[in-house]
Amino acid sequence: MMYRVRIEVSLKQGHSDPEGETAAKSLQELGYPVKATHVSKVYTVYLSADSGSEARRLTDEMCRRLLANPTKDNYSFNIEEG
Amino acid sequence: MPISLYVKRNVPFELTDVHLLGAKDEQLLQISRELGVALNLEEMRSIQGHFSRKGRDPTDAELQTFGQTWSEHCFHKTFKGKIISEDGKPIVDNMFKEYIAKVTKELDLPWCLSVFEDNAGIVDFEDGYAIAAKVETHNHPSAIEPFGGAATGTGGVIRDILGVWADPVACTDVLCFGPSDYPYDKLPAGTKHPKYLFRGVVAGIGHYGNNMGIPTVNGAIYFDKSYVSNVVVYCGCIGILPIDTFVKDTRPGDIAILAGGRTGKDGIHGVTFASAELTAESEEVSRPAVQIANPIEEEKLKRAIIRIRDQKLASAITDLGAGGISCAVGEMAHRSNCGAHVQLEEVPLKHPDIAPWEIHVSESQERMLLSIRKKHLQQVLAIFKTEDVEATAIGSFTGDKVFKVDYQEHNVVNLDLHFLFTPPRIRRTAKRKPQKLTEPSIAETVDLTKDLLGIISSPNIASKESVVRSYDHEVKGNTVLKPLHGRHGGPNDAAVIKPLASSWRGVVISCGINPSYGKIDPYWMAASAIDEAIRNNVSVGGRRISLLDNFTWGNPEKPDRLGGLLRACRACYDFAKAFGTPFISGKDSLYNESPTGQATPTLLITAIGIIPDVRKTVSVDVKKPGNLVYLISQTYPELGGSEYYRLKGYLGKTVPQVRMSQARRTINSLTKAIDSGLVESCHDLSEGGLAVTAAEMTFSEDCGIELNLRDVPKSRFMKRNDYIMFSESNSRFLIEVAVRHREDFEKSMKGCVYAPVGETRKERDFSIHGVEGDQVVDVRTNVLRDAWKSALRGRT
Amino acid sequence: MQEDVRICILRVGGTNCDAETKRAFDDAGAKAEIVHLNEAVEKGNLSDYNAIVIPGGFSYGDHVRAGAIWAKEVMAKLGSELLKLAEEGRPVLGICNGFQVLVEAGLLPGFKGVSKYPEAALATNVPIGYYCGWVHVRHVNSGRCIFTQKIPKGKMLRMPVAHAEGRFIFSKENEEALLEQLRDNDQLVFVFCSENGGPAGGKYPANPNGSFYDIAGLCNAEGTIFGLMPHPERAYYRWQQPDWTQTDAASPYGDGRLVFESMVEYLKAK
């Protein structure tokens, strides 16, 4: 089965987000009533797995092994067939 | 669209015959427009004639090949064209040959190894090594997508250096933007704000150079209203090569290898839109023309190429830039008197559904073309594989001087290379438009401290530290003189690189650019840029200097623009010749116009010198209190285009001139003094004049200075303190000399105009006394430094 | 006594500080070789070398996170070799991108040997952006770190940094405890400090990236794996310093040399 996995890696609370802060400042400069901006990274992965639960297990492993650094990153994902 | 002009071939891919034979003039122009090839009527007629003799119509791929090869960007039609006056009289037959190349030809210096011929100029260094240098313009792409435009500009010029088998050792960048406080509501439609362009361009240059691990060591940033819609981006690269590895010997039977990134639709028609003025729609229409940069791909490519070079496995190399495969293969075959036969279906693609003509002219980045003997094929492919670089044989070179391209067994291009590289010469009209300029009358103030602080914090003079620190300027560990020097990071005049571990010899890199003089007179602007580039080089200890010229100009089809260009070219000849400094490479970007007007005519001169022992390099920072401070060369009331006049809201007209006999003598004597170890620190006088130079030398460290304007060597009628302090007369240096070296120094400067004008102080006071002995500037050096450092920090 | 000290400087696409790192080792008396990871993998072992160095650069364009891809690749392809090496106490040095790789690979801080997932991170600089400039660091190691044995504790050194992701951090919830552990194990090696020697206190530009506790470099509990953000190879010679024209020509070296000397001396004595 093919699965389309959307993985979002974002910063855990409490860590500085200089990219988000810079974007917020720039948007405020342009006149938008922006209170805060948080940056996260989205990966779309096309994955072949035997089942939905297998796909979830693989995705979780990929996140821990490469896409997120548990020291600072949270990750979440959703999996669709196809 | 009249269907009859284009006949789609019945093949499983997109291939069109263009019905050129029998087409009327207006149809020729229509074809040129519709294919986006930007060829004029004369050129279209010439192609029509060629194909009538062949008895067939050209394919779309063939016409695109002409569009690329004959573009202003690739062929420099204006510089190589005939220039006539308004009444039709010939003025000059070929500006490039008769002004720029002529300097080099007449100087005939043995250390110029290859000039104007290859992707970069090559001069001797030492012990069998040579220096390669190239500076590119990337204005149009950067105006549309600043990050991508500047990044690919950097990537492109690095490939030019790889394209002569050199290992890149340093990058330079010179940028011109509109003022960063330009009101948003005044921006013309389709123009991006200078702040946005600034951030994007700087980030793009840093991204590429940093990722590739090439230090960005020298540059300049200039702000002027005329750049609001015409951003200027010059990217330079310097490389080193063992001379005996340079090879350009493609022969029939050699294999053509395409290596590096895959080919996609990026950059299609980048060449042709760069040769036309930007319009409000450019932003939308031109988007796909901007290429996407991947510096790591080029880093890997570089490693592989250097290995292939060192093992002498290839017969020639060139980069894929403007015009992609069509230009690179065509040129490589043509310069070696060969033909070429390419199988386009072999080209690795980024995505399917690309028409053959698109593969042929695509400007996808990070690609190089090599020719190799058949017997080396496996070895070469193995090296590319180890370096994780994709490389493919896409065809071979032949003996028939024909450029043949097939796609899936259908012939799509079959062109006679001689005809392809002999475009009809262009004829353009030049006229000199006299300017109505006046000299302002400015009330003289007694205390000039405020003016000095104003100038030192003006955007063109203030510290560019925030930019410099975003570029890695010391990767490779060979940067002897960095852009910022001393305890507090003052601005050095030039960068010095020590490229060989085995030698103390250094490469000295500097530049000169004076756009505001260009508003008054392009002739003296060019002369000043040459003088500035050379004196920046000499002031750190550089000598045996060669030059690179980069023009950014308006539309050459407008006679007054061309008239100015002609004057600038004449100055290039007059002054480069007189200084004995040959041009080795150059590039022009024309059509820098937008609905709001043209970019100020801007000539960048890059100077490449050498220093025999980098340990003798002279830096900007004052070394010791109690040393003497000498001013070399005469100061004239030349404030036209100066930062002082700009501060007061004027342009003026007394543009600085260059007095050759004085300039030459000064440079030779100063070099001797430096070699004898008599110079503690040295800084040239440029924007902001004497006062700014003295301030920069002083605040690089923690000390003070006392100067007397009375002692400044100046023309007889100069009485005003502000003019003496801020005049921008050329060929001048401020030099710190230890008291014990006084006699020796003066002896070595014999025959030059010079005078001791003050001394360095332990106390951090910056003090200038006027011609009457009264104090006109009294300020702490750290106050000057803070003004200089903080001005651009928050603004950009 | 080792006759020849052989150092393997690994590289992949985007590595770009290998040549100057080799020059520094060679000058310090070692024999350094630059080896592409593909070549090392093909060879299958690293047993010829007394030490491994992962130099600076932008491996894989800093994609995902700086150093992350190389870290996973090197562990996947050469992991057992590296672990063997580390167990034998052969030194592993990571400079800048190399430090990022060692952290992402779980080799540093290495509280309990090699960890499967990173125990720390080198996050985006605060203030944001690439920063190239000279900094002061204080040597705070009490002798565990073999790479700084020749440097007296408390000595201040000058070296340049050049990076965009150098902010050393732990998980927020246990950062104090982990810092305590670093201290207890004598794993702290360099901390950023101000020009006059005082603590940088997290303040830019003395601390150029906002790193936790001003950490600029640290080693594993055994002292044989060391990573640092500053570039000692760019501070090896006098003429590399940003104000060398003010310094005494009699001493031809900069502070960075001490790191290479310490390491080579340690290996020679082994």
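This is a short walk through a structure with chains A, B and C, taking chain B, then a strand of chain C, then the contact between chains A and C.

Before we start, one caution. The model is predicted. Keep that in mind throughout.

Let's begin with chain B. How many helices and strands does chain B have? The count is 27 helices and 35 strands. Next, its extent. Along the principal axes, the C-alpha atoms of chain B fill a box of roughly 90 × 55 × 45 Å. Now the radius of gyration. Chain B has 27 Å. Why does that agree with a compact globule? Because a compact globule with 796 residues would have a radius of gyration near 28 Å.

Take the contacts in chain B between residues at least 6 apart in sequence. Of those, 82% join residues at least 24 apart.

Then domains. The domain assignment of chain B gives two entries: domain 1 covers 3–81, and domain 2 covers 618–796. How far apart are the C-alpha centres of these domains of chain B? They lie 58 Å apart.

On to chain C. I want to show you one strand, S6, residues 131–139. Is S6(C) mostly covered or mostly open? Mostly covered: eight of its nine residues are buried. S6(C) also has pairing partners. One of them is strand S7 of chain C, residues 156–163. The pairing is antiparallel, over eight bridges. For a landmark, find Trp134(C). Its bridge partner in S7(C) is Pro160(C).

Another partner of S6(C) is strand S9 of chain C, residues 188–193. That pairing is antiparallel as well, over four bridges. The landmark here is His139(C), whose bridge partner in S9(C) is Phe190(C).

Last stop: where chain A touches chain C. Here 15 residues of chain A are in contact with 20 residues of chain C. Which helices of chain A supply at least two residues each to that side? Helix H1, 18–29, and helix H2, 52–67. H2(A) gives the most, with four residues. And the make-up of that side of chain A? Four residues are nonpolar, six are polar and five are charged.

In chain B, find domain 1 and domain 2, with C-alpha centres 58 Å apart. In chain C, find S6(C) with eight of its nine residues buried. In chain A, find H2(A) on the side that touches chain C. Thanks, everyone.

Terms used. Residues numbered from 1 in each chain as written. Chains lettered and ligands numbered in written order. Predicted model: local features only at pLDDT ≥ 70, side-chain atom pairs only at ≥ 80, totals over all residues. Contact = placed C-beta atoms within 7 Å. Nonpolar A, V, L, I, M, F, W, Y, C, P; charged D, E, K, R; others polar. Domains from an automatic or database assignment. Buried ≥ 20, exposed ≤ 12 C-beta atoms within 10 Å, placed from the backbone. Pairing = 2+ DSSP bridges. Rg over C-alpha atoms; globule rule 2.2 N^0.38 Å.
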